[in-house]
Amino acid sequence: MTSLSHPGESCALLGSLVERIDVGIFAVDRTGTVALWNRFMAVHSGKSSSEMLGQNLFAMFPELPRPWLEKKLESVFVLGNNAFTLWELRPYLFRFPHNRPITGGLDTMRQNVTFLPLRTPGGEVSLVCGTVFDYTETALAQHSLHDAIAALNKEKDAQAQLIVKLEAAQNQLLQSEKMASIGQLAAGVAHEINNPIGFVNSNLQTLKKYCEQMLQLISTYEPTEAQITDSGLLSRISNLKQALDIEFLQEDLPALIKESEEGLVRIKKIVEDLKDFSHVNESEWQYADINAGLDSTLNVVWNEVKYKATVDKHYGELPAIECLAAQLNQVFMNLIVNAVQALDESKGMGTITLSTGHQDEWVWVEVRDNGRGMSDETRRRVFEPFFTTKPVGKGTGLGMSVSYNIVQKHHGRIELTTAPDEGSCFRVWVPVKQAQAAAP
Amino acid sequence: MTMEFISDDQRDALQEVANIGMGQAGASIARVLGEFVELSVPRISTVDAAGIPAALAALAGDGVASAVRQAFIGELRGEAIAIFSEHSAHDLAELLAYGDALDAPAGCELLLDIGNVLVGACLGGIAGLLRTEIGFSAPSLLADQVATSDLIQAETIAARCALLVEVRFGLEKRVFRCHLVMLMPEDALAALRRALDRFIEEF
Ligand SMILES: Nc1ncnc2c1ncn2[C@@H]1O[C@H](COP(=O)(O)OP(=O)(O)OP(=O)(O)O)[C@@H](O)[C@H]1O
Ligand SMILES: [Mg+2]
């Protein structure tokens, strides 16, 4: 750096520094009269120093916030300390055009202004000097940073939503995998049972015939008893008859066989239902009879139902509807099991009412119980995954959320009415044909 | 609390300097604001870093508060923190010629302005009495309407311990209440001790 030999020289240098520095510098006295106006101020305001010097700052810049700025200047005069304005809070003091007329950005130069007290040799503050720093670039950088952060946050929110969806999808997958394996198991068992049922049934038919023949033989023999003269033999026969209670045996034998036949018919029906319910090989859309689906589902869960509720059925006549039958059956099962679990056992047998009906292009299935009903909170949250009011191990809280998704997939809806201590009623609506419902 | 940083003489001198300085400050603040200012007798204490948040909370009392920080630089250096309880600073908007509608940035600017005036007047007064120059950084917002216990986080404090000079401000007939705290780190205290010794010699 050049050493300054002469005070006058250094003054001139300082003057030229103030003039040329890339910072706005101006000074006012206590009345607001301008005493200094450097080139930065002149260039940006369009008012030269010869225009400004000796003029009142507020008269020359009527747009300045006068009372506030006067107060601020006053505090510097009185306290002799710096005062500040920051662009983040007050974008600018002087309305200077921005410095990117071509490439754009902000309309007005962003400014940080520091007000400095200038003292006379006596120590009094005679002038307040304002230094105006251009913060437009910083402001632009900060704006783009803000934008970037906002964009990132938006993305983050979108991802969070995706994660929620993913979780729901995973839950559904879990549940449907469970159902699929239950279905496969059921189908497997049904198949295995079919074989023994087959031979038990044919053996029973043969047995029935043999019995009839034996009984025929006995009844043919019976009248000949009178001709037996050997009294020892006669008494042996009558003792034996008495001991065996032959009359009852003759009556009971056909009845037993008939009952066994009925039992076999029921087993066959259950096996059929199991197969129907699982629809193992049919994951495709098909036309299915909803009433039949409801019945086969009821049979599958009959064990859960029979000791706790009587079932009233009011089935309407329904067209075959286009659906994923196994999945709809899963919905019915969830509804029936929930209905049974909602019953208050202390009030004896409950009633579960299954109704179906048909309206325009829609079919509905209703499962009503006279159980405990739901609280407001439960009603709001039934379809939420993992929401359950049941003890650990009893409920996973997935039943209704999965059902909701299945019905959604059918472009249908679930209506719910419920009142505490009166019971609940779920009505599932599904369209008869999918293409129509899917269209807007 | 023991004063391990400064001797008893130095402490007395500091108390005296603070008393006179605040008196002067009160007068000049009153000139700026145009209203009479009530100032408490300054209280001087030392705290370790972990104790600073609690000390500030104790000053500000329960509820929420805002705080403005400002560094002072020179022979004496440290940080001053002005703590405003609730929205009481808004009470001063008219005195500093802010418009009626205070939006969020304006409310914030008002806090900075008041902080700047109070810190400048008080610390400037003390520095003047100790015949040393100090300058101030631009003020910045430390906390905006937070629980008083959260005004400052202990982890963010770099100093091991600090000298704390506390003054309470109020304006007659106004709800405005403010606490001013001057914190000086341990390693900046040598300069303060020198300045206090100079002061003692001169009187
Ligand atoms: N018919 C009903 N009556 C009263 N509350 C019901 C009824 N159906 C469902 N709820 C309530 O909704 C909750 C959620 O039902 P959901 O079927 O989704 O789960 P869950 O039955 O608890 O468990 P999961 O079905 O997975 O074994 C139940 O815990 C119960 O509180
Ligand atoms: Mg359930």
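Two strands count as paired here if DSSP finds at least two bridges between them. I note that the model is predicted.

**Entry 1. The antiparallel sheet of chain A**

I began with the hairpin of S1(A) and S2(A). I looked up which residue of S2(A) faces Phe26(A), and Trp37(A) stands opposite. S1(A) and S2(A) run antiparallel and are joined by three bridges. Five residues lie between the two strands of this hairpin, and Gly32(A) has a positive phi near 90 degrees there.

S3(A) and S4(A) are antiparallel, with three bridges between them. Ala83(A) has Phe115(A) of S4(A) opposite.

**Entry 2. Helix H5 of chain A**

Within the helix I checked one charged pair. Glu70(A) and Arg66(A) form a salt bridge, with their closest N and O atoms 2.9 Å apart. Why are Glu70(A) and Arg66(A) separated by about one helical turn? They are four residues apart in helix H5 of chain A, and that spacing is why. I also noted the total over all chains, which is 22 salt bridges by the rule used.

**Entry 3. The mixed sheet of chain A**

I turned to the other five-stranded open sheet in my notes. Its order in chain A is S7-S9-S10-S12-S11, and the pairing is mixed. Strand S7 (309-314) and strand S11 (413-419) of chain A are at the edges; each has a single partner strand, so one side of each is left without a neighbour in the sheet. From one strand to the next the twist averages 15 degrees.

S11(A) and S12(A) pair in the antiparallel sense over seven bridges. Glu415(A) has Arg427(A) in S12(A) as its bridge partner.

Next I listed helices against this sheet. Helix H9 (residues 290-300) of chain A packs on it and touches S7, strand S9 (350-359) and strand S10 (362-369) of chain A. The direction of H9(A) makes about 160 degrees with that of S9(A). Helix H11 (residues 325-341) of chain A lies across S9, S10 and S12 of chain A, at about 20 degrees to S10(A).

**Entry 4. Glu322(A)**

Glu322(A) sits in strand S8 (residues 321-323) of chain A. Which residues does Glu322(A) touch, not counting those up to four places away in sequence? I found Trp285(A), Gln286(A), Tyr287(A), His410(A), Pro431(A), Val432(A), Lys433(A), Gln434(A) and Ala435(A).

The side chain of Tyr287(A) makes a polar contact with that of Glu322(A) at 3.5 Å. The backbone nitrogen of Gln434(A) is 3.0 Å from a polar atom of the Glu322(A) side chain.

**Entry 5. Chain B against chain A**

Last, I went through the interface. Contacts involve 22 residues of chain B and 16 residues of chain A. About 1600 Å² is buried between the two chains, 62% of it on carbon and sulfur atoms.

How many salt bridges does the rule find across the interface of chain B and chain A? I count two. In one salt bridge Asp113(B) meets Lys72(A), and the closest N and O atoms are 2.5 Å apart. Six residue pairs, both residues at pLDDT 80 or more, are in polar contact between chain B and chain A.

On the side of chain B that touches chain A, helix H1 (8-33) and helix H3 (104-129) of chain B each supply at least two residues. H3(B) gives the most, with nine residues. By type, the residues of this side are 14 nonpolar, five polar and three charged.

Conventions. Residues numbered from 1 in each chain as written. Chains lettered and ligands numbered in written order. Predicted model: local features only at pLDDT ≥ 70, side-chain atom pairs only at ≥ 80, totals over all residues. Heavy atoms only, no water. Axes fitted to C-alpha atoms, helices over the stretch in contact; angles between N-to-C directions. Contact = heavy atoms within 4.5 Å. Buried area = accessible area lost by both parts, 1.4 Å probe. Salt bridge = Lys/Arg side-chain N within 4 Å of Asp/Glu carboxyl O. Polar contact = N/O pair within 3.5 Å; in protein donor to acceptor, adjacent residues only side chain to side chain. Nonpolar A, V, L, I, M, F, W, Y, C, P; charged D, E, K, R; others polar.
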